[in-house]
Amino acid sequence: MEGFGGGLRHGRASLAVGFFAQGAAFALLVTRIPALQDRYGVSDALLPAFLAAVPVLAGVGSVATEHLVKRVRPSVVLRWVQPVVCLALLGAGAGDALWQLAASLAVFGICVGALDASMNMLGVSLQRAYGRSIMLGFHAAYSLGGILGASLAWAGAHWHLSLAVLYGPVVAVLIPLTLVASRWYVDRKAEAQGATATATATAAPVAMRLLLPLCLVMAFAYIGDSTVSNWSAKYLQDVLGGSEQLATVPYNVYMVTTLLGRSVGDLGVRRFGAAAVVRTGALVAAAGFAVVAVAPGAWVGMAGFTLLGLGLCVIVPQTFAAAGRLFPGASDTAIARLNIFNYVGFLVGSPLVGALGDAWSYRGAMLVPMLLVAATLLYARSFGTEPARYGVDHERPRTADVGRAGNGL
């Protein structure tokens, strides 16, 4: 048992490294969207199409991962797609033709879909093995990576570094770091050793009618998150009158507050329950959007992004965790399907805010994600649901159901 516990601790730490690396890579992309736009001459009319293509392809990657993990373990998928995501980031910063940006973002999108799905599959599996809430801790590592990425982006803007110079050293560090960490990934075996045919047969398929409330919450949360990721820099610079350097700060502030919220979030879930934590987060996030919409200047806008980080930070990790509890015998499938609505949120959020901003005003556009995030309150009860009926021994984790998967298929 001691060796098993040590394996779980190593698996938890190594997965946190994966979340951290993804947070850094994603932040370096989204906080430098204005620089990418200038480098490739992407017009304001064309920019939403580029931003929308990434989540569409990421959804394709998530769907493919649902089927891929039936043949190989999620840890194997994660091990190999994460370096490709880093290389795609470098490609986006190093090219000089529009087609090169399009190709890099296409690869980035497909692999991010596989990466997000496989990371959260491993996280839910580990949480089940631990028997307590730990998902927020993984997403806290993602936020920490996002802080690093946004800080490096600020430094790049401050010292006028080219995107290739900014991205190159980061990629050179992240790729070997994640490959080494992947040796200790731990995930649930596709079929536990010694499991009977009867127990295997009781694993029911994922019922979308049961998963749908969580899918809607995921979409609403990512509409809010994509608004911050894709429009905060432009909003602060063009609407609130901030400088180019200051425009990189809102996402950093957002990631700092998500880190703080997620660092203590697991304790809140253990004490008050997931539903209460999600309700509180939705209310705080809605208040944050309201502040951003009416902010008279850049610093009040910062306060709004602070509230947004504190509110939105708990929703997504708990949505993945709730799907794992609802379908403990088919959590990989449930998470892959739920993850698609991550990208539905990005697909809807980015073009919607841009279209409303151009046709009406960007201040008014901020009210739409505010209302959608507030609608999460209607579905908060889904976070307290009992597992779907799978038969005996599927609701409680067993040590035999978790194995080291870092070194093989």
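**Salt bridges, ring contacts and surface features**

Lysine 234 and aspartate 238 meet through their side chains in a salt bridge, 3.6 Å from N to O. A salt bridge here is a side-chain nitrogen of Lys or Arg within 4 Å of a carboxyl oxygen of Asp or Glu. The model is predicted: local features need pLDDT of at least 70, side-chain atom pairs count only at pLDDT 80 or more, and totals for chains, interfaces and linings use all residues. Residues are numbered from 1 along each chain as its sequence is written, and side-chain values use heavy atoms, with hydrogens and water left out.

Both lysine 234 and aspartate 238 lie in helix α9, four residues apart, about one turn of the helix. Helices are DSSP runs (H or I, at least four residues), numbered from the N terminus. An α-helix has 3.6 residues a turn, so residues three or four places apart point the same way. Aspartate 238 counts as exposed, at 52% relative accessibility. Throughout, buried means under 20% relative accessible area, exposed means over 50%, and partly exposed lies in between (1.4 Å probe, protein chains only).

The structure holds three salt bridges. Lysine 234 also pairs with aspartate 44, with the closest N and O atoms 3.6 Å apart. This pair links distant parts of the chain: lysine 234 is in helix α9, aspartate 44 in the loop between α2 (33-40) and α3 (47-68), 190 residues apart. Aspartate 44 is partly exposed, with a relative accessible area of 49%. Glutamate 66 and arginine 337 form a salt bridge at 3.1 Å, N to O. Glutamate 66 belongs to helix α3 and arginine 337 to helix α15, 271 residues apart. Glutamate 66 is buried, at 7% relative accessible area, whereas arginine 337 is partly exposed at 25%.

Rings of Phe, Tyr and Trp (its six-membered ring) pair if their centres lie within 6.5 Å; planes under 30 degrees apart count as stacked, over 60 as edge-to-face and the rest as tilted. Phenylalanine 26 and phenylalanine 346 are edge-to-face, 6.0 Å centre to centre with 75° between the planes. The pair connects helix α1 (residues 2-30) to helix α15 (residues 331-359), across 320 residues. Phenylalanine 26 is buried at 11% relative accessible area. Phenylalanine 346 is buried at 9%. Tryptophan 231 and tyrosine 362 form a tilted pair, 5.7 Å centre to centre and 45° between the planes. Tryptophan 231 lies in helix α9 (residues 208-239) and tyrosine 362 in helix α16 (residues 362-365), so the pair ties together parts 131 residues apart in sequence. Both tryptophan 231 and tyrosine 362 are buried. Ring pairs also link Phe26, Tyr222 and Phe346 into a cluster.

Val56, Val344, Leu347 and Val348 form a nonpolar surface patch, with about 260 Å² of accessible area together. Such patches join nonpolar side chains (Val, Leu, Ile, Met, Phe, Trp, Tyr) within 5 Å, from residues with over 30% relative accessible area and no salt bridge. Accessible areas come from the Shrake-Rupley method with a 1.4 Å probe. Helix α15 supplies the largest share of the patch, three residues. Valine 348, in helix α15, is partly exposed at 37% relative accessible area.

Histidine 160 has a positive phi of about 55° although it is not a glycine. Histidine 160 sits in the loop between α6 (135-158) and α7 (163-181), and is exposed at 66% relative accessible area.

Conventions. Helix = DSSP H or I, 4+ residues; strand = E, 2+ residues; numbered from the N terminus. Patch = residues over 30% accessible without salt bridge, like charges linked within 9 Å, V, L, I, M, F, W, Y side chains within 5 Å.
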